[in-house]
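Student: I have a model open and want to learn how to read its features. Can you take me through it?

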Amino acid sequence: MAITMSEKEGVIIFKLSGRIITPGVKEVSEAIEEALAAHVSPPKLVFDFKKVTGMDSSGLGALMKIYSDIHPRGGKVAVINVNKHVRNLIVMARLITVFKNFENEDDAVAAFRKQS
């Protein structure tokens, strides 16, 4: 599991790859928490699942924890390039309304910019 971070127009983009499962979830959480520590304004996060090959409930739980940490501060979370497996997991957990889904990075960034 690997994670890279970039920023575009005030939106933090996390590109995930590999399997987001129990052994690697801590790495994802720590990388995201470290990135958020530097932000004062309500964070706008995009998670790119293009290179994710699998995710289990602990991966979904980590995303929910991130959401619950930033939502009270006005933060937003979006997902892009979600494969069928991850989409099914999000739908089954009834989180489809919590994580805004966009086709690509540009659409997600544009949507967040309109909300500002």
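This is a predicted model: local features need pLDDT of at least 70, side-chain atom pairs count only at pLDDT 80 or more; totals for chains, interfaces and linings use all residues.

Student: Which residues of helix 1 are buried?

Tutor: The general idea comes before the case. An α-helix has 3.6 residues a turn, so residues three or four places apart point the same way. Helices (H or I, at least four residues) and strands (E, at least two) are DSSP runs, numbered from the N terminus. Buried means under 20% relative accessible area, exposed over 50%, partly exposed in between (1.4 Å probe, protein chains only). In helix 1, Gly24, Val25, Val28, Ser29, Ile32, Ala35 and Leu36 are buried. Seen down the axis, these buried residues fall within an arc of 150°, so they line one face of helix 1. The arc is taken from the directions from the helix axis to the C-beta atoms. Pro23, Lys26, Glu34 and Ala37 are exposed on the other side of helix 1.

Student: What do the buried residues of helix 1 pack against?

Tutor: Strand 1, strand 2, strand 3 and helix 2. Contact here means heavy atoms within 4.5 Å.

Student: Which residues are buried in helix 3?

Tutor: Helix 3 spans residues 84-92, and Val86, Leu89 and Ile90 are buried there. They cover an arc of only 95° around the axis, which puts them on the same side of helix 3. Lys84 and Met92 are exposed on the other side. The cover over the buried residues of helix 3 includes strand 3 (44-55) and helix 2 (57-70).

Student: What is at the start of helix 3?

Tutor: A side-chain oxygen of Asn83 comes within 3.1 Å of the backbone nitrogen of His85. After helix 3 comes Arg94, with a positive phi near 60°.

Student: Is Asp48 buried or exposed?

Tutor: Buried, yet Asp48 has no salt bridge. A salt bridge is a side-chain nitrogen of Lys or Arg within 4 Å of a carboxyl oxygen of Asp or Glu. Lys and Arg count as positive and Asp and Glu as negative; His and the chain ends are not counted. Asp48 sits in strand 3. A polar atom of the Asp48 side chain lies 2.9 Å from the backbone nitrogen of Lys50.

Student: How many salt bridges does the structure hold?

Tutor: Side chains of opposite charge can pair when their charged atoms come close. The structure holds seven salt bridges. In one of them, Lys8 meets Asp106 at 2.4 Å, N to O. Lys8 lies in strand 1 (residues 2-8) and Asp106 in helix 4 (residues 105-115), so the pair ties together parts that are 98 residues apart in sequence. Glu105 pairs with Lys15 in a salt bridge, with the closest N and O atoms 3.7 Å apart. Lys8, Lys15, Glu105 and Asp106 are linked in a network of salt bridges.

Student: Which residue forms a salt bridge with Lys65?

Tutor: Asp69, with the closest N and O atoms 2.8 Å apart. Lys65 and Asp69 are four residues apart in helix 2, about one helical turn.

Notes
Residues are numbered from 1 along each chain as its sequence is written. Side-chain values use heavy atoms; hydrogens and water are left out. A polar contact is a pair of N or O atoms within 3.5 Å; within protein, one must be able to donate a hydrogen and the other to accept it, and residues adjacent in sequence count only if both atoms are side-chain atoms.
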